[in-house]
Amino acid sequence: MKPVTHVLVVSADPAWRQPVCDGLNQAAAQRDNPHGLLAVPCACDTSALEAALSTQHGADVQVVLVDHGPAGSGQGPAAVLLAQRLIDARPELSLYMVLEDDADKLLVEQLASDAVDGYFFRGEDDPVGWLRILAAEVAEKADTPFYDALRDYVAQAKDSWHTPGHAGGDAFKGSPWVGDFHGFVGEEMLRADLSCSVPALDSLLHPTGVIAQAQRLAAKAFGARATYFATNGTSTSNKVIFQSLLTPGDKLLLDRNCHKSVHHGVILSGARPVYLDSAVNRHFGLFGPVPKATIARAIAEHPDAQVLILTSCTYDGLRYDLRPIIEMAHAAGIKVIVDEAWYGHARFHPELRPTALECGADYATQSTHKVLSAFSQASMIHVNDPGFDEHLFRENFNMHASTSPQYTLIASLDVARKQAVMEGYRLLDRSLAFARELREKINATGAFRVLSLEELLPEELKGDGIRLDPTKLTIDISASGWSADALRDELIGRFNIQVEKNTHNTLTLLLTIGTTRSKVSRLFDAMLRLTKERRTPLTYARMPEAPRFSALACLPRDAFYEAGERLPLLDESGQPNAALSGRVCCDQIVPYPPGIPVLVPGQVIEPAVVAYLVRLLQTQRSIDLHGLATQDGEWHLRVLTPAEQAALPPLDRAS
């Protein structure tokens, strides 16, 4: 299928606008036009531009040509402001300005220089030349340097005398035992599973060729100074940044709601964390952001903090109002990392923006596989830190990265970036429309309802400017009479529908660029059928309330690396073990979902924590507790021995 690419020609001068469109289209008809460039006229005012971009064909726009107007017309300032507003809304679009002379360029550079990709001059009426430049601009955006190199190399059918051992899949062919795997995975995928012995495919550890080119295109697409591809997930990306910014004993402020990988990063870096308790919606068992007042207080109380890390959006789609928080942190000399694992698509639709980088974050990590089209484990690290030390970062990156990366993961990042730039707006617009439709239809069932932002927000967040990612639907099932576990099992077993997660009384659905009309129809059909089988509403046992953070006795790194001893979670009578009270935990204890630690290494264990863990194990069938040790078939916690605790330096002397 050949793509269609619209070049929007914006001008207040119809006598100029239409001939330019005609000239560009005539030139396009006379030359090779692989991307289907087509010039479309548009008046130079906000309403006309919005109308042009909101039509069915608005998603086909890739380039906007804005006419500054003839000398003396007075159109220049309005045209420049319109161009700036356009790029603020759709930064993935390429912007070219048409000027009368170089004097006009000064105004453009003052207002919109960073956004302008190129200039033309009114007096140089050269539609063929202009089209050639615009076609090259589109071709660069649509380029996938790494994927193209990988595909071309595979097509050359080289004999493999290097790793991996399956040698392009030949090891599977003809095997009576594993031959089916070749057909299941596919010829091209196996041929593309190559070794770092292929120089043409560059090196992820020290990219100078096609990987470097792909990363530069990604940086431009996502609005970063630099972007790095990671093939072992955002979990490792977070650890790399921590090790690059923090040395043992450095203080950081972190949202306790952060993914467990952030807490692993605390251990690896040897940093001293200040944990900020997130807000909790206790009725639905959902964790939200940290209240803005809590963050402000922590910044004021810890002027020696080096880093602040937050998660935005959360698993359930709650987004911080990041700009004032980042400005507060920067004023205190604190660098800001935002874990955007669930929000990598935001750059490509105005309804989802601003992104963390647009709000001033120094670093953002994104799971490109979660909501865009990269393969699982494929992630990106975006850097906007003006003090970025590339050498130090690279050393830490290489400490975690494999010397044998999976090249198809890198290719999927290259392709996902291209898709996001070229058609992300269209696909996200469709997803957002599906989300609105599902919200309306599910609410109409009477048995299920999609929670609004106001219903999701804990009371202490109501004035914090929190927004909701509408592509994440949290469904309250309370009126249906189904338990969450039974409903989830019914959906997968009977209707072949797998949901993202559930709490005791909610289900979470994730809409992505891969959501289709057919999937929406099948989901709604299933919800209607389940509504007809409505049961007597249940009295739900409330989700056990997670205790607030207690205190650290030592650095998490110090506690983690001690041998410790293992004490049972339950005493001999089956009750929470009182002997754990006051002891210091060595491991990270994480209920999953949502993946938020209840205990971290170095934390003092309080009775409420033990009671919470016991209740989770007894009442929540769908939750796994990561970090507990098993011994003789019983759950145990690894804690510091008294001698180990006495030997460790207290926090004020930790280093």
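In this predicted model, helix H2 meets helix H3 through Thr46, Leu49 and Leu53 on the H2 side and Leu82, Arg85 and Leu86 on the H3 side. By class, the residues of this contact comprise 4 nonpolar, 1 polar and 1 charged. H2 spans residues 46-54 and H3 spans residues 76-89, and the two pack at an angle of about 35°, with 11 Å between their axes. Their crossing is right-handed.

Helix H9 (residues 210-222) packs against helix H16 (residues 407-444) at an angle of about 35°, and here the axes lie 10 Å apart. The crossing of H9 and H16 is left-handed. H9 contributes Ile211, Ala214, Leu217, Ala218, Ala221 and Phe222 to the contact, while H16 supplies Ile410, Asp414, Arg417 and Val421. Sorted by class, the contact of H9 with H16 holds 8 nonpolar residues and 2 charged ones, with no polar residue among them.

Within this second pair, Ala214 deserves a visit of its own. This residue lies in helix H9 and counts as buried, because its relative accessibility is 0%. Setting aside residues up to four places away in sequence, Ala214 touches Pro145, Phe146, Phe229 and Asp414. One of these partners, Asp414, belongs to the H16 side of the helix contact described above.

Buried residues account for 56% of the 655 residues in the chain.

Contacts and surface complete the picture. Of the contacts between residues at least 6 apart in sequence, 74% join residues at least 24 apart. The accessible surface of the protein chain amounts to about 27,400 Å², and carbon and sulfur atoms hold 52% of this area.

Technical notes. Residues numbered from 1 in each chain as written. Predicted model: local features only at pLDDT ≥ 70, side-chain atom pairs only at ≥ 80, totals over all residues. Heavy atoms only, no water. Axes fitted to C-alpha atoms, helices over the stretch in contact; angles between N-to-C directions. Helix = DSSP H or I, 4+ residues; strand = E, 2+ residues; numbered from the N terminus. Left-handed = near helix turned anticlockwise from the far one by under 90°. Contact = heavy atoms within 4.5 Å. Nonpolar A, V, L, I, M, F, W, Y, C, P; charged D, E, K, R; others polar. Buried < 20%, exposed > 50% of the residue type's maximum accessible area, 1.4 Å probe, protein only. Areas by Shrake-Rupley, 256 points an atom, 1.4 Å probe, with all protein chains shown as cover.
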